[in-house]
Every structure is written in structure tokens, then in C-alpha cells.
Amino acid sequence: MSTQSFEIPAEFRDFADKSVDQARNAFGTFLNGAVKTSEQLRNSASTVQSTLHAAVLKSLDHAKTNADTTFDYAQRVVRAKDPREAFEIQSEFFKTQFAALQAQAKEYGALAQSAAR
């Protein structure tokens, strides 16, 4: 019995070889992009985590400051000699607290901007 010899045409082999090279290059490009994206996500996560930590610490600091200011205000009102003095203390408290809240909001805005970078 004679066996017939089957040969793959050279053009087909060249085409298949080029296709494999193109697929290898495309996969390498994809993999490099995935690694870069992973590194960027890690850096972003680290930035977000540190910004969130800073925001929590800032919130606790503001809460303490606001509570201390409120307790001081309450103590001053209790010690007021007459309603006029109590009203002046209250007006002063509202002005200073409004300014403090504006400053605190700016600090949170700055933290948010730094996180967005």
C-alpha cells in the first residue's frame, strides 16, 4: 500500500504563522495594558484610602471642636446676667459657628479635590 503524501501549501503555513505572531503580539499588548491598569487601580485605591482616612480624622477633629464650642456657648448662656446678654452670646455663637462651618466645608472640598487628582 502506498501512502499518499499530503503537504500543506507554503502560503497557508505563512498565513498561519503570521496569524499566530499577530495573536501573540495582541495578547502581549492586552496583558501589558491590564498590568498598567492594575497598577493604576492600586495607586488610586491607596490615594482614596488615605484621603478617606484623612477625612475621617478631620471629621472627628471638627466634631470635637464643634462640641467644645457648643458646650462653651451653653455655659456662657447659663451664666448670662440678663436676656440681653444671653441674646448677644447667642448671636456671637451663631456668627462664629457659621464661619467655622464654612471653613470646615472648604477643608472637605480640598480633600475631595485632592482625591480626584
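This is a predicted model: local features need pLDDT of at least 70, side-chain atom pairs count only at pLDDT 80 or more; totals for chains, interfaces and linings use all residues.

Trainee: Okay, so why is D68 called partly exposed?

Mentor: D68 has a relative accessible area of 34%. The label covers values between 20% and 50%, so D68 counts as partly exposed. D68 is found in helix α1.

Trainee: What makes the D68 and K64 side chains a polar contact?

Mentor: Their side chains come to 2.7 Å, and the cut-off for a pair of N or O atoms is within 3.5 Å. So the pair counts as a polar contact.

Trainee: And H62, why is that one called buried?

Mentor: H62 has 7% relative accessibility. Buried means under 20%, so H62 counts as buried. H62 lies in helix α1 too, and its side chain has a polar contact of 3.1 Å with the side chain of Y108.

Trainee: How do you know whether E11 is buried or exposed?

Mentor: Look at the value for E11: 61% relative accessibility. Exposed means over 50%, so E11 counts as exposed. E11 lies in helix α1, which spans residues 10–78.

Trainee: Which residues gather with E11 in a patch of negative charge?

Mentor: D14, D17 and D21 gather with E11 on the surface. Asp and Glu count as negative, so the patch is one of negative charge.

Note on methods
Residues are numbered from 1 along each chain as its sequence is written. Side-chain values use heavy atoms; hydrogens and water are left out. Patches are made of residues with over 30% relative accessible area and no salt bridge: like charges are joined within 9 Å, nonpolar side chains (Val, Leu, Ile, Met, Phe, Trp, Tyr) within 5 Å. Accessible areas come from the Shrake-Rupley method with a 1.4 Å probe; for residues, only the protein chains shown count as cover. A salt bridge is a side-chain nitrogen of Lys or Arg within 4 Å of a carboxyl oxygen of Asp or Glu. The place of a charge is taken as NZ of Lys, CZ of Arg, CG of Asp or CD of Glu. Helices (H or I, at least four residues) and strands (E, at least two) are DSSP runs, numbered from the N terminus. Buried means under 20% relative accessible area, exposed over 50%, partly exposed in between (1.4 Å probe, protein chains only). A polar contact is a pair of N or O atoms within 3.5 Å; within protein, one must be able to donate a hydrogen and the other to accept it, and residues adjacent in sequence count only if both atoms are side-chain atoms.
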